[in-house]
Amino acid sequence: MSKIAIQASGLVKWFGEGEAKTTALKDVSLEAQFGEMVYIVGPSGSGKTTLLSVLTGILKPNAGKVLLEGVDIWGLKPDQLADFRLGKIGFAFQDYHLFPRLSTAENAAVPLILRKRPWNEAVSEAEKYLDVVGLKSRAELPPVKLSGGEQQRVAIARAMSSQPDILIMDEPTASLDGDTGVAILSFVQKNVLNKDRCIVVVTHDDRIYQFATRILRMEDGRLKGSEKSTT
Amino acid sequence: MNGILKLAYKLLVNDKAKFSALLVGITFAVYLMMFVTSMFSGVMKHASANIINIGAPLWVMDPYVETVSNSVGMPAYVLDEVRSMQGVKYAVPLYSGGALVKLADGNYQTVSVIGLDDTSLYGRPELLEGKIESIYAENGFIVVKDAEFSKLENPHVGSEFELNDNRGVIVGIAKVRTSGLYGIPTLYTTYERAIQYIPNPRFTISYVLVEPKSVSDVPRIKQQVEALGYRARTKEEFMKNTEDFFLYKTGGGTNLLIMMLISFTVGLSLSGQTFYTFILENLERFGALKAIGAKNRDLVRMILFQATFTSFTGFGLGIALCVLLIIVAKARLPSYAAMVTFGNLAISFGMVVVIAGVSSYFGIRRVLKIEPFEIFRG
């Protein structure tokens with residue numbers, strides 16, 4: 001039986017007060033195991049991004065508990081939580097958020113640099129991950145010289161460089177054409193996912209559903225069900 | 001360099017347009033600040049030229065004297081009284097005044113005349129040509145070879161001139177540490193000859209120069225002089241009084257303050273605004289760093305480093321620019337009054353620290369407020 005990577009129970013999150021109060025998460029519970037690539041899908045405004053933020057220790061829930069690898073992350077102090085994220089979680093953001101003034105390799109090395117690794121060592125280490133995503137030859141280029149798909153791969157290399165146990169991908173295909181999106185997720189499934197890593201993907205792009213181990217559907221702040229991928 | 005600081009450095013300097021704009025702002029502000037304060041320091045140094053050149057440690061004067069160039073004559077008994085005071089090693093009179101010299105071409109030139117004590121020649125300048133004892137020769141004057149020297153038609157030893165219908169002869173050419181403020185040549189002669197050649201009021205001693213037996217005697221001498229109805233000031237106090245006069249009684253201080261405020265405003269508005277824009281443009285990336293796991297203190301360090309690095313680089317460039325222009329100006333105009341002092345540097349440094357502090361304060365506030373959650377929402 002696989003070890004549990006993410007265990008969340010009774011998550012509630014609302015924004016605003018009084019008449020302006022909006023409840024984004026309504027008693028959400030879920031589990032994800034190492035070796036799984038879990039998709040959270042649903043229409044815009046269904047609470048996917050809020051759930052992702054709560055699960056990764058970025059947005060504090062009003063109620064509920066999140067255990068990552070058995071650690072109650074919302075019981076940690078802010079600095080401990082930041083260290084936990086830095087050590088255990090890799091992020092590939094929807095808009096990549098790469099630094100345009102840094103080279104591709106330097107961008108990929110950012111989590112290592114934040115972990116106080118010496119600059120040259122961090123960049124050299126990051127180049128290995130660029131190699132994994134097929135961009136080693138472009139290590140010296142700034143991100144603006146890369147295509148959207150290549151930038152997404154740099155974002156993945158950056159997320160992988162700290163060797164996270166949990167990889168979070170927020171709308172990874174939102175800025176890509178269909179073929180590139182499929183290629184990226186195929187690559188992630190083959191090269192990034194392993195038995196010691198759990199990948200959570202938030203998306204509403206059904207062209208990439210085929211790569212999911214499990215798909216969780218969200219609607220109106222609730223998880224409406226879980227299903228195994230059809231492929 | 002620490003990895004996080006190198007990250008901050010690269011983010012800053014690789015954005016060449018913003019970095020250049022930041023540097024231009026700081027450099028220009030420092031340059032303005034340095035230039036205006038250096039000019040003031042230079043003017044002050046020239047205004048205190050006689051105090052510096054004569055070099056006496058203690059000066060006795062009328063209480064109403066505000067600058068060395070505006071002396072009020074004192075009666076001869078003051079010199080006698082001072083000589084008999086406890087703690088005084090010796091005291092000599094000094095004459096300081098102005099006169100008109102008629103040049104060979106018939107034109108007149110205003111000059112500053114210093115009359116040295118006939119016996120000791122205390123405060124005499126260093127001679128480049130001639131011998132000091134020649135000052136006792138008939139009609140003997142020593143001319144200072146400074147930027148104003150040519151206004152006396154470049155005299156040489158033996159040159160003659162007319163001073164208040166009296167014949168004068170150049171018997172020596174001297175150099176001094178600092179030339180005067182008012183752009184006129186300086187002549188040295190004996191005290192007796194000075195008061196003889198130049199029309200004077202009843203009292204002729206401009207200053208009594210005092211050599212105390214020891215530094216510890218200075219307060220006692222000052223008390224005794226005050227009891228006499230006059231005032232004794234140390235060399236440093238007299239220079240400070242002169243500086244205060246120009247600062248507070250001529251409008252110079254107001255102008256200086258206005259220029260300092262302008263340079264500060266220019267620096268703060270140009271650099272502060274540009275730095276804040278730089279932070280805003282990178283706000284999402286700072287948010288991404290937060291989401292990845294950067295702590296607030298890491299981001300604060302990055303911003304402080306960026307602000308400090310920019311400010312200190314601009315500080316260095318501003319000083320270099322100012323010094324370069326002063327050197328060029330002095331090469332063209334020997335009497336150009338500007339001087340870089342530790343005080344100028346400290347004022348400019350203080351301004352740069354404030355600019356860096358204010359710029360980074362607003363940047364830090366903005367970055368600390370950003371929620372990584374916003375990054376997920378795109």
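Mentor: Before we look at any helix pair, here's how axes work: they are lines fitted to C-alpha atoms, for helices over the stretch in contact, and angles run from 0 to 180 degrees between N-to-C directions. Helices themselves are DSSP runs of H or I with at least four residues, strands are runs of E with at least two, and both are numbered from the N terminus. Keep in mind that this is a predicted model, where local features need pLDDT of at least 70, side-chain atom pairs count only at pLDDT 80 or more, and totals for chains, interfaces and linings use all residues. As for labels, residues are numbered from 1 along each chain as its sequence is written, while chains are lettered from A and ligands numbered from 1 in the order in which they are written.

Trainee: Fine. Why are α8(B) and α11(B) called roughly parallel?

Mentor: Helix α8 (residues 252-281) of chain B and helix α11 (residues 342-369) of chain B have axes that come within 9 Å and cross at roughly 30 degrees. The scheme calls angles under 35 degrees roughly parallel, over 145 roughly antiparallel, 65 to 115 roughly perpendicular, and the rest oblique. Therefore α8(B) and α11(B) count as roughly parallel. Their crossing is right-handed, the term for a near helix turned clockwise from the far one by less than a right angle, with anticlockwise giving left-handed.

Trainee: What makes up the contact of those two helices?

Mentor: Contact here asks that two C-beta atoms, placed from the backbone, lie within 7 Å. On the α8(B) side the residues include Phe264(B), Leu268(B), Phe275(B) and Ile279(B), and on the α11(B) side they include Met351(B), Ile355(B), Phe362(B) and Arg366(B). By class, the contact of α8(B) with α11(B) has eleven nonpolar, five polar and one charged residues. In that count Ala, Val, Leu, Ile, Met, Phe, Trp, Tyr, Cys and Pro are nonpolar, Asp, Glu, Lys and Arg are charged, and the others, Gly among them, are polar.

Trainee: And what makes α10(B) roughly antiparallel to α11(B)?

Mentor: Here the axes of helix α10 (residues 296-332) of chain B and α11(B) again come within 9 Å, but cross at roughly 150 degrees. That lies past the antiparallel cut-off, so α10(B) is roughly antiparallel to α11(B). This crossing is right-handed too. Among the residues that meet are Leu299(B), Ile303(B) and Phe315(B) in α10(B), and Phe349(B), Val352(B) and Ile364(B) in α11(B). The classes come to 13 nonpolar, nine polar and no charged residues.

Trainee: How do you know that chain B is more spread out than a compact globule?

Mentor: Chain B has twelve helices and ten strands. Its radius of gyration is 29 Å, well over the 21 Å that the globule rule gives for 378 residues, so it is more spread out. The radius is taken over C-alpha atoms, and the rule is 2.2 Å times the number of residues to the power 0.38. The C-alpha atoms of chain B fill a box of roughly 95 × 50 × 35 Å along the principal axes.

Trainee: How does chain A compare with the globule rule?

Mentor: Chain A, with seven helices and ten strands, has a radius of gyration of 17 Å, and a compact globule of 231 residues would be near 17 Å, so the two agree. The C-alpha trace of chain A spans about 50 × 40 × 40 Å.

Trainee: What makes Arg233(B) buried?

Mentor: Buried takes 20 or more other C-beta atoms within 10 Å of a residue's own, exposed 12 or fewer, and partly exposed lies in between. Arg233(B) has 21, so it is buried. Arg233(B) sits in strand β10 (residues 231-234) of chain B and, leaving aside neighbours within four places in sequence, is in contact with Trp59(B), Phe238(B) and Asn241(B).

Trainee: Which elements of chain B each supply at least two residues of the side that touches chain A?

Mentor: In all, 24 residues of chain B are in contact with 29 residues of chain A. The elements are α1 (3-13), α9 (283-292) and α12 (372-377) of chain B. That side divides into twelve nonpolar, four polar and eight charged residues.
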